[in-house]
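Work through the exercises below with the sequence and the 3D structure open. Try each task before reading its solution.

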Amino acid sequence: MKQIGSPKTSRPPFEKGPSVFPNPFEEFQSFHFQKQEIPLDRMVQSAEAVMDQIRLGYEKLLEEEAKELVWMVQYNTIIKAYEVAEKYVKEIDYSAEDIEDFCFALENTQKIPYLIPGPAGIYISALCNYAKEDEIVLKLSELKTEINLIGFRLPKGKRLMVDGDTGDFTGIGLEGGEMVVEGNAKNWTGAGMRSGKILVKKNIGLHTGEWMMGGEIYVGGRVRGIGNIVEGKVYERDKLVYPGKARYPNLYY
Amino acid sequence: MEKNGYQKQVMEIYQFISDHLYFNRPDLEVKGEWFNSAILLSLLTGLVKGKELIIGEPGLGKTTSAEFVCSLIYQFPLGVIWGSEVSGHPEQTEEKIIGRPDLGKLNQGEEDVVWTNFSQVPVKIVDEINRLPETKQSMILDGVDRGNWEYLNEMIINDEYCLYATANYQDGGTNTIIAPLVDRFDVIVESRYPGANLSFLIAKSKGKEQVLRHPKFEKDLYRILKSKIAYEKKIPKMEEVCNAFGDYVEETVGVKPLKREDRDRIRDEMQALDLDLDASAFSRMLLAELSFCDRYGQKRIVENCEEGCHYTGYLCRQIRNCASNRLPTSIKLFAQGLAWLLGDSQIDIEHVKTVMPFALSHRIQWKDEVLSQKERAKRDDPFQIFLAKEAVKTVSQRYREQSDYLKDALALGSKIFQGEPLEPLEGDHPIYTEIKKDLQRKRSLS
């Protein structure tokens, strides 16, 4: 019979050493997640790149023109801000949809730190005036803040349609373009416009058409007050109110 | 994958059983092919040396389906299989299941064991296992788990064996199958009613099992089993007779049963198959849900979920117990078998998803509120299997949503494990916490 457990064993004793616990994830070692790019991804990426550029231009405008986050509406501040906006906008390749996205981003992302209605309006106006498309739609109805100065210097051949309300100085200095506001516009609408057409489907505020030199303003609702108009026409519900009977600036008629 | 005709041979066995011996309706779709789950899983059980619990109403072919599969996979005539079965009843004893003292030798003052056929043949069928009282179920635990059968001071070890147990639904004469025994079954399957028309055909085709009987070979095998030679020496002798029976079956019915070397080669081929990354990540995700507890470290049947737990939406909230370590083994074993049978070169997520409900359903203990919520749901499966299928579907949905991220997290885990100074990925699923726990343990060791 074979003897079991002979004193001289050839089996090596257990060697003590560092723990060699198996890697429980070893099979995934070579896994590299490669996201398959679909056309939509590329579109989203390029849209985001454009939005970054537009956002950067706006931030620079604020840096230069609204250092203290205060911006006074004066003739020269408007002109200067517009020149700065023009400078940045001209360098960006964007579409009308990007302008709409920017308007939405103004209030709905953390990436744009400040919405100052004056410079924002100047910047949006510059974007509209230099856009490739002749017809631009801006959906502002979901913004809590009313943007001022929308449609500044809108040139001939452009049509700007605003879904929602606009703030003060809508369509000022219009240069032959056509502007449609689906909601209400506040004071100084069409001030200093030279030619073109503004249609406000609801009500309009005071000083309407102040120092306007030409063009037409159509109001679907009520005109609260007419400004000192040099030349041009103002219609209220298809009725010509300027030039017309004795009209006093900013008076109810 | 190497094609050597074994898959075709096994599929012919499946087809023969399905067409001639066990009338059924296909109820399981795998990659566009329909199978009957009872036959398919029984075949796989035989091939992978697994353990299967077959449930169903009385008289719906639980035992006979297992007998036919065993006869064709292991080349045993039905007469020998019948003579090796253990039936569950309250008076069952260890002597009838495992072995008894050799009384002749005992009279001469020698101690020797006469092993039962059940303990000696590689195909083991326990009929109506839930009629065994709970105390007696423990007798077969070790044998079922490891193939070790002990009596007096002697032991035989089955190198190759598979086990089928049948169980009726609860009635006056049944007992609960104890949790440790239930956990030892790799899969559970229902032997179902084939429908009125097929059932009617069964009545007309009485005596169909005669094709798998052969009185001479049966006697030869009984003689070998009763002989006093050592168990190890009996095995080649039995194989000789089995091979002769296999040749007879091939000649008479045209189906070639599997020889021992065929089965060994098939198992080698199966073992060479590994899980692909998706199958592995998905299995890990499911296991994490079945074992995770944020509050108490792991699921325990004695502990209840905390109100307001962050992981309320996962399976851990719906179950009472923790997944056992046998669960992943069973899943892999049967997924390997299925992948092999379908001729695939890797175990993919479809194989895993197919076998998972059958490996899970008897191991999960659902909370009462889940049971009462779903008991009236429309279904074709027994309640436990239905719940397991639903659970797998739910986890599969979750996996689809984050498969790449999870694989990324596991890949990163591997890099961190190897010592790279990275941080594990965060994610809203128990598996991410489990990954972090493993990495923490590694850090504490090194």
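The model is predicted: local features need pLDDT of at least 70, side-chain atom pairs count only at pLDDT 80 or more, and totals for chains, interfaces and linings use all residues. Residues are numbered from 1 along each chain as its sequence is written, while chains are lettered from A and ligands numbered from 1 in the order in which they are written.

**Exercise 1.** State how many helices and strands chain A has, and in what order they run.

Solution. Helices (H or I, at least four residues) and strands (E, at least two) are DSSP runs, numbered from the N terminus. Chain A has four helices and seven strands. Read from the N terminus, the order is α-α-α-α-β-β-β-β-β-β-β.

**Exercise 2.** Find the buried residues of helix 14 of chain B and say how they are arranged around the helix.

Solution. A residue is buried if 20 or more other C-beta atoms lie within 10 Å of its own, exposed if 12 or fewer, and partly exposed in between, with C-beta atoms placed from the backbone. In helix 14 of chain B, the buried residues are B:Asp262, B:Arg263, B:Ile266 and B:Met270. Down the helix axis they fall within an arc of 95° and so line one face of helix 14 of chain B; the arc is that of the directions from the helix axis to the C-beta atoms. On the face turned away from the buried side are the exposed residues B:Glu261, B:Asp264, B:Asp268 and B:Gln271. The buried residues pack against helix 1 (6-21), helix 2 (37-48) and helix 16 (326-341) of chain B.

**Exercise 3.** Describe how helix 2 of chain B and helix 16 of chain B pack.

Solution. The angle is about 105° and the axes are 10 Å apart. Axes are lines fitted to C-alpha atoms, for helices over the stretch in contact, and angles run from 0 to 180 degrees between N-to-C directions. The two helices are therefore roughly perpendicular (65 to 115 degrees).

**Exercise 4.** Work out how many residues each chain gives to the contact between chain A and chain B, and which helix of chain B supplies the largest share of its side.

Solution. Two residues are in contact if their C-beta atoms, placed from the backbone, lie within 7 Å. Chain B gives 14 residues and chain A gives 11 residues. Helix 15 (277-291), helix 19 (383-417) and helix 20 (430-445) of chain B each supply at least two residues of the chain B side. Helix 19 of chain B has the largest share, eight residues.

Technical notes
Angles under 35 degrees count as roughly parallel, over 145 as roughly antiparallel, 65 to 115 as roughly perpendicular and the rest as oblique.
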